[in-house]
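Please read the points below with the model open beside them.

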Amino acid sequence: MGKITDLKTLILTADKERPAATVKKLTLDGAKAEDLSAVTELLESHIGLQSLSLVAVGLTSLHGLPQLPTLRKLYVGDNKLSGSLDVVAVQCPNLEELSLVGNQRIKTMEVLAPLKALGKLKVLDVIDCGLVQKDPENYRKGLREYFPQLEIVDGMDGNDQEVMMDDGDSEDEELDSDHEEEDYTDTDGEDNDENDRFIDVDTYQSEGEMEDESAGSAAMSEQPAANGRKTLNERTENKK
């Protein structure tokens, strides 16, 4: 069997590993769905979720996004979104970082207007969105004027100096590295707290493939760098 691409199946596969309520990070990149209406209840059960990645899923709308009050990072790059950001503003009130990279149908500042309600939003990525193509020289300045809460736009600070962005905070990096170990142990030899574990769902194989692995092991592959986020320089280089 090939890689699972059904969004619902991916989430259910992950939830077999540990309770949904303990998951802090879900990476569902590459799954196929036009909106989230089929997985609303499943996502809502992840009551401690802090990071959600839905890069290159084929989303045309964020309809069905549930109330996620703990969510801090949302990556929905390389989809077909043209609006529905009011859903994000209502359902994710504590969002700090949003990536809309590659959504070429987002062509005007007005489409982003609902994000004004997100007072904690500090990082916004819109590289390769339609509005960038309209005014590539001045769009970052326009975004900062429109959204005064922003600190970083497309990897650049208010002085247009590139900021080194991690995939996540230090806790994220430490927890993600745990997936490379056969056992989840700290340096003192004790098992890590289940509540601290992250799940990158896109790395799971189908159940048929798992049977070929040794008992209790899960096949893992590298997560796309920065959940589909690329700096302006990286995107430019790729186009050459």
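1. Burial terms. A residue is called buried when its relative accessible area is under 20%, exposed when it is over 50%, and partly exposed in between, using a 1.4 Å probe and protein chains only. At 18% relative accessibility, Arg72 therefore counts as buried.

2. Basis of the note. This is a predicted model, in which local features need pLDDT of at least 70 and side-chain atom pairs count only at pLDDT 80 or more, while totals for chains, interfaces and linings use all residues. Residues are numbered from 1 along each chain as its sequence is written, and side-chain values use heavy atoms, with hydrogens and water left out.

3. Overall make-up. The protein chain contains 9 helices and 6 strands. Both are DSSP runs numbered from the N terminus: helices are H or I runs of at least four residues, and strands are E runs of at least two. Of the 240 residues in the protein chain, 48% are buried. Taking contacts (heavy atoms within 4.5 Å) between residues at least 6 apart in sequence, 63% join residues at least 24 apart.

4. The sheet. Two strands are taken as paired if DSSP finds at least two bridges between them. Strand β5 (residues 123-125) pairs with β6 in the parallel sense over 2 bridges. On β6, Val153 is the bridge partner of Leu124.

5. Salt bridges, and the Arg72 pair. A salt bridge here is a side-chain nitrogen of Lys or Arg within 4 Å of a carboxyl oxygen of Asp or Glu. By this rule there are 3 salt bridges. One of them joins Arg72 to Glu96, with the closest N and O atoms 4.0 Å apart. This pair links distant parts of the chain, 24 residues apart: Arg72 is in the loop between β2 (51-53) and β3 (73-75), and Glu96 is in the loop between α3 (85-91) and β4 (97-99). Glu96 is partly exposed at 32% relative accessibility.

6. The network at Asp160. Which residues are linked in a network of salt bridges? They are Arg140, Arg144 and Asp160. The side chains of Arg140 and Asp160 meet at 3.2 Å, N to O. Arg140 is buried, with a relative accessible area of 13%, and Arg144 is buried at 16%. Asp160 is partly exposed, at 41%.

7. Rings of Phe, Tyr and Trp (its six-membered ring) pair if their centres lie within 6.5 Å; planes under 30 degrees apart count as stacked, over 60 as edge-to-face and the rest as tilted. The count by this rule is 1 aromatic pair. Tyr146 and Phe147 form it, edge-to-face, at 4.9 Å centre to centre with 90° between the planes. Tyr146 is partly exposed, with a relative accessible area of 25%, whereas Phe147 is buried at 1%. A charge sits over a ring if NZ of Lys or CZ of Arg is within 6 Å of the ring centre and within 35 degrees of the ring normal. The charged end of Lys116 sits over the ring of Tyr146, 4.3 Å from its centre. Lys116 also lies over the face of Phe147, at 5.8 Å from the ring centre.

8. Positive phi angles. Most residues other than glycine have a negative phi. Asp78, though not a glycine, has a positive phi of about 55°. Asp78 is in the loop between β3 and α3 and is partly exposed at 32% relative accessibility. Asp154 has a positive phi of about 50° and is likewise not a glycine. Asp154 is in the loop between β6 and α7 and is buried, with a relative accessible area of 2%.
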